[in-house]
Amino acid sequence: MSLLALRLRHHHHLLHAPPAQRRLRLPSCSQRLVVSCSAGQVSGGAAAAVVWFKHDLRVDDHPGLVAACAERRRPVVPLYVFDRRILAGYSDTMLELLLFALKDLKSTLKLQQSDLLIALGNAEDVVLKLANEVQAGIIYTEEEVEHSVCSVLANVESSLSNGSFTWVNPPEIEVWSAPLYDYKSLRELSASRDQFLKEKLPMPTPLSSPTFTALNVGLDTGSLPTLEELKVFLKESRMPQDDWVPTKSMSAKSILKATLKQRKIKSNVELSVSNGGNIEDITTNAGASGRRIKDSFFALESSLEVRGGTDITLDALDAYLKYLEGTGKASWQELHDKVRFAETRDGASFFTLFGPAIQLGVISRRRVYHETIQYERDRNAGFVSPFGYSTPTVTSAVDAICSLEWSWLLALKSKVCIEGKYPLKFWRWKGYLIQYTSVGCEGPAVLLVHGFGASLQHFRDNISSMADGGHRVWAITLLGFGRSEKPNVDYSELLWSELIRDFIVDVVREPVHLVGNSIGGYICAIAAGLWPSLANSLVLLNSAGSVVPSYSFIPLNKEGRTSWLSGLQARLLLLFLRSRAGGILKKYYPTRTERVDKPLVEEIIRAVSSDHTVYFTRLIPSLCTIYSVYFFLDRQMQSYDPGATTVIESIFNFNLSIPLNFLFDSFGGNILVIQGMKDPLIKSESFVSMLREHCSKVQIRELNAGHAPHDEVPDEVNSLLSEWMKVNETELKPALEKSKAI
């Protein structure tokens, strides 16, 4: 009998002891996870197949498992690896939900005479040793679009290619996916949502769970760690660059409230202190009933995320879809309470409740879509109306799934088709895909943040210039714009500032020079003001926001539900923007209108194009005229990307009430303002005058340009940025050397 000993890291973090025998800090002795397949089984039949689970924690609708089990005599070895690089961005809540999902998956596999191997460490080491031990001929794993996970997959491929095996060739890696649409080629897939929908691609039916070949296991395949054990493992796995991770523990609003209280500045919200001085935004009831519900879908009374495996999630989905029907089940009633609490805007509750389960792959996107459409047919005698769905919950589920699928397809397409000047990468933030690029191998780090309605491509002539000048340049597309995901959430300046914070902590992993245009400049100012240690300096290019002399009162946004009126306003604005985009943009480029070329206009239109969604089920039926307007607008605005209407609605809720000079004072670092003096949106003369009067430490450079000087006169801006970085790096170098000496 052949044995596999997976020794991970120098502590050998392998969990096979019964829960009662576990200790928080695992001993560094020779604990091992030992798995075996009989040699006769491997040699007498097909080579073993390893199924490496990552974000696909299910047996239902799992093409990889179906393919692995297709050969009846082939041993199938399921594997999950707790790899810090894959789990790096997980919150404590997500880690807990992961453990719930893995527990269910492990139990499901055991019922079919199989099991799930559990290991902690680097996936390339684990997979190589396992492949050698079970004489694997093939490894099935899901297609990935996140750059960090793709890098892990590349490491596994390299490890197998360069590894030494006792039999013939190294195992092949078979990558699979479960798309909602049956497309033939990613290269030929249209990046226009309108054109894509016109192709009317078939939608495959979800696959049933396969029948497994019994896995002969000599010893325990490993126990799941507790949440505390997993947190200890991830903490011990951190690199020095990860010391900032705790920075993400407090929300932007909490820090802002604490700062206002500390500086004795009044506000329109209560500045209460709790948790030893930390001001946190705590949802105390979160739809909780005050009693523990048997067979609850949730880990805690205060939780809003559905937990568990596929069966639990499907039951919760059934309860969600039937929200309007009422129920006598206590668990369903609890979920309905959560729906009311999470519905901060029409349709927002779906992703709040089911987003983590979809991200973990407990349930596939096409299974959700299939079950939702089947319910709609059942309600309507097998008929699905072309004019919209019969309940708000069906609409919300379909909208969310189609939006998730479209974002995933665009990200997948970017892996095989390089569009534009820079390779596009994707990072997952709070479950959403965020587009970014990075150029340059050495020098100080710079992060570029675009304005409203733009994307990272707006820095098309700045990125390479700065990289060539000796900088490592990152540019990000904010949530809701470009090819970043456009979820149904409440967009705000504080939300985007947290995105910038987490990107610096998780991706860049060192302080940056923050450079932002328009609303992107205001977001950068908030990020620098709330988390000064993350910014080496701050550069604002025609920033939004204002200077308020002697600020003694700062009003903060109060969260509230959006109305149908803001949705109508958004659609009218979108229709206007789409028809007049080129002409409007030229007003923002007064000295060089030729810079408003076709690629720029197309990218802006993508960022402000609406999804083809009919919202009349959410309107008051008597408002026939408004219904007609909605229907007309939705028909007029066939989409490039779904979800942009939600982003545009945020315009009507923006409250740029935090003064720039308050943020500058909170930051305390070096600040450069580059101002295009012909900006049609901002009274530049007045703005610059206020800066000089009330922000004496801010350096100002005036340019003969409009609202986007970095794109209108890129050479001038690049020269200013290069000079600014050199001066600041000269000042920073002695401080860095001093800190290293300490």
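The exercises below, each with a worked solution, concern the sheet and the ring contacts of a predicted model.

**Exercise 1.** Determine in which order the eight strands of the open sheet are arranged, and which strands stand at its edges.

*Solution.* Begin with the arrangement itself: the strands follow the order S8-S9-S11-S10-S12-S13-S14-S15, and their pairing is mixed. Next, look at the two ends of this order, where strand S8 (425–429) and strand S15 (699–703) each have a single partner strand, so that one side of each is left without a neighbour in the sheet.

**Exercise 2.** Classify the ring pair of Phe 351 and Tyr 432 and that of Tyr 551 and Phe 662 by their geometry, and locate the residues in the structure.

*Solution.* A search of the whole structure finds 13 aromatic pairs. For Phe 351 and Tyr 432, the centre-to-centre distance is 4.8 Å and the angle between the planes is 25°; since planes under 30 degrees apart count as stacked, this pair is stacked. Phe 351 lies in helix H12 (residues 348–360) and Tyr 432 in strand S9 (residues 432–439), so the pair ties together parts that are 81 residues apart in sequence. Both Phe 351 and Tyr 432 are buried.

For Tyr 551 and Phe 662, the ring centres are 5.6 Å apart and the planes stand at 90°, so the pair is edge-to-face. Because Tyr 551 lies in the loop between S13 and helix H18 (564–588) while Phe 662 belongs to helix H22, this pair ties together parts that are 111 residues apart in sequence. Tyr 551 is buried, with a relative accessible area of 16%, and Phe 662 is buried as well, with a value of 1%.

**Exercise 3.** Identify the rings over which the charged ends of Arg 307 and Lys 338 sit.

*Solution.* The charged end of Arg 307 sits over the ring of Phe 100, 5.3 Å from its centre. That of Lys 338 sits over the ring of Phe 298, at 4.9 Å from the ring centre.

Note on methods: Residues are numbered from 1 along each chain as its sequence is written. This is a predicted model: local features need pLDDT of at least 70, side-chain atom pairs count only at pLDDT 80 or more; totals for chains, interfaces and linings use all residues. Side-chain values use heavy atoms; hydrogens and water are left out. Two strands pair if DSSP finds at least two bridges between them. Helices (H or I, at least four residues) and strands (E, at least two) are DSSP runs, numbered from the N terminus. Rings of Phe, Tyr and Trp (its six-membered ring) pair if their centres lie within 6.5 Å; planes under 30 degrees apart count as stacked, over 60 as edge-to-face and the rest as tilted. Buried means under 20% relative accessible area, exposed over 50%, partly exposed in between (1.4 Å probe, protein chains only). A charge sits over a ring if NZ of Lys or CZ of Arg is within 6 Å of the ring centre and within 35 degrees of the ring normal.
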